[in-house]
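Keep the 3D view open while you read.

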Amino acid sequence: MLVVAALSLLAQLATPRAHFRIVSDFAEPERAAEASQAAEAVVPVVLARLGRGGWTPRSLETIRLYRGYATFRARTAEFNPNAPEVLGFTHRDSRTSHVAAEPWNDALHALGLPRATRRLVAHEAAHLVCYDLLRDMDELPAWMVEGLADSAAQEALVQLGLADALEVDPATASRIAWVQEFARTGRLPSFDALVNDRLGDYAYLERYPLRWLAYEFLRAEQPGACAQLFAAAYDDGRTGAPRRVRAALEPLWSAAEREALDARLRAWLAEFHPRWRPCAGLLEGRAQGYLSLADASGDALALSTTTLATLPVRLSGALSILPGTNTQLHVVLGHTRESFLEVAFTAGVGVTVWRYDCGAERWSLKGSAPALELVTEREFTFQIEADADELEVWLAGKSVLRVPLHGDSPLGTWGLGAQASAGGCWSDIEVASGR
Ligand SMILES: [Zn+2]
């Protein structure tokens, strides 16, 4: 009897009680389970960052998962009227996070929630933990709020095998590239502006990668100071944190030290070599490659930071198109601010090569070929090869299309994307240039 009791106690210890109740719009229980997994995974990460041993919520914490942005917005706008661009937020007093699975495509049932949605669930769950520990948490400098939540969500996803290293994962690589672009164009805030969260000159969504990297920088380069500020914020008082943090911040660095940290921040940032830069829609890692996903508002495109420098260029791999209203994946070559070449694979139709002029917003057809064997939910190998004169496309090992380029260059930046409302998976992507 005693043995049985001891064993059942062990079982309870081995399966800790869930901290969050998931209320999901999705009929299938797997979506709620995926959200729950991401939320629970972030708890120990946040506690470790705050130097805490454990956490028992004071009362029920809820995460509401919505199927798509439209439903999310319709049902939550009253709580969050000023930030229509976000896909998730946490409402302190009702102890509830709201997260939209967006883009969502019903064909994702087999693949599960996009990693971006799970990342957002983990981010909002981190806020729920912090609010429960500190009622005026959101009055802290925002790198201590949003930076911490982004960083902890990334670590939780890595632990779950759902995110790659910072420079490799499109989600984090593109944010690093975004902030590096600020540095290149003279828009990087000073260290002082970042730690004091003076980011009024930045668009709402620009502030997030800045706050995330400000926190990562402090954690990596000033760990003692970083820990001191969080300790000041999360001491035993549940309120008064902004004042305590201000008092701790003031004497932390002299003017000369702040200036030196400014230079160090730039150097630290330049040491990253992100593989992707932000464009539109979603590109995210999958077990064997990537998932491209576009919402209804426009095409998805992610651009690689590696460029194709010499002719001929080759891009090959395998693709699998998701079923839906639109069923088209894109490979983009020769991407500049002015124009690019697009090789479009459309299920049930075939392969089309376009040139797009960004200024005139004009698509010019360069050639197309039917490929009725190209269907959704099946993997096809493909290869694109181009020299100065001609671009050739192979599908399932067979040459299906050759188009003259008439001076359009395939050199430079390449990318992967999907038509609005479409999506699909890429695997074994390889690029090469030169003979
Ligand atoms: Zn947040």
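## Around L282

Start with L282: leaving out neighbours within four places in sequence, its contacts are P103, P114, A116, S292, L293 and A300. Bear in mind that this is a predicted model. L282 sits in strand β6, which runs over residues 282-286. Is L282 buried or exposed? L282 is buried, because 23 other C-beta atoms lie within 10 Å and 20 or more is what counts as buried. For a sense of scale, take R198, which is 84 residues away from L282 along the chain: the two C-alpha atoms are 29 Å apart.

P103 is joined to E102 by a cis peptide bond, with omega about 0 degrees. You'll find P103 in the loop between β4 (96-101) and α4.

How is the chain divided into domains? The domain assignment gives domain 1 (14-270) and domain 2 (276-433). Their C-alpha centres are 33 Å apart. Where they meet, 15 residues of domain 1 are in contact with 16 residues of domain 2.

On the domain 1 side of that meeting, the elements giving two or more residues are α4 and α6 (170-184). Helix α6 supplies the largest share, six residues. By type, the domain 1 side splits into nine nonpolar, two polar and four charged residues.

The largest nonpolar core has 112 residues, and the ones with the most contacts inside it are V42, A122, A125 and A126. Helix α4 (residues 115-133) gives the largest share of this core, nine residues. Why does the core lie between the domains? Domain 1 (14-270) and domain 2 (276-433) both give residues to it, so it lies between them.

Now zoom in on V42. Neighbours within four places in sequence aside, V42 is in contact with A122, A125, A126, A152, A153 and A156.

## A38 in helix α2

A38 belongs to helix α2, residues 29-49. With 29 C-beta neighbours inside 10 Å, A38 counts as buried. Again leaving aside neighbours within four places in sequence, A38 is in contact with R118, V121, A122 and A156. A122 and A156 also turn up among the contacts of V42.

P141 is another matter: 103 residues from A38 along the chain, P141 has its C-alpha atom 25 Å from that of A38.

## Where α5 crosses α8

At what angle do the axes of α5 and α8 cross? The axes of helix α5 (residues 146-159) and helix α8 (residues 204-221) cross at roughly 75 degrees and come within 7 Å. Angles of 65 to 115 degrees count as roughly perpendicular, and α5 and α8 are therefore roughly perpendicular to each other.

The α5 side of the contact is E146, G147, L148, D150 and S151, and these meet Y208, R211, W212, A214, Y215 and E216 in α8. Sorted by type, the residues of this contact are five nonpolar, two polar and four charged.

P312 is in the loop between β8 (300-308) and β9 (313-321).

Then there are positive phi values. D197 isn't a glycine, yet has a positive phi of about 55 degrees. D197 lies in the loop between α7 (191-195) and α8, and is buried, with 20 other C-beta atoms within 10 Å. E377, also a residue other than glycine, has a positive phi near 60 degrees. E377 is in the loop between β13 (362-370) and β14 (379-386). How exposed is E377? E377 is partly exposed, with 14 other C-beta atoms within 10 Å.

How values were computed: Residues are numbered from 1 along each chain as its sequence is written. This is a predicted model: local features need pLDDT of at least 70, side-chain atom pairs count only at pLDDT 80 or more; totals for chains, interfaces and linings use all residues. A nonpolar core is a set of buried Ala, Val, Leu, Ile, Met, Phe, Trp, Tyr and Cys residues joined through C-beta atoms within 7 Å. A residue is buried if 20 or more other C-beta atoms lie within 10 Å of its own, exposed if 12 or fewer, and partly exposed in between; C-beta atoms are placed from the backbone. Helices (H or I, at least four residues) and strands (E, at least two) are DSSP runs, numbered from the N terminus. Domain bounds come from an automatic or database domain assignment. Two residues are in contact if their C-beta atoms, placed from the backbone, lie within 7 Å. Axes are lines fitted to C-alpha atoms, for helices over the stretch in contact, and angles run from 0 to 180 degrees between N-to-C directions. Angles under 35 degrees count as roughly parallel, over 145 as roughly antiparallel, 65 to 115 as roughly perpendicular and the rest as oblique. Ala, Val, Leu, Ile, Met, Phe, Trp, Tyr, Cys and Pro count as nonpolar, Asp, Glu, Lys and Arg as charged, and the others, Gly among them, as polar.
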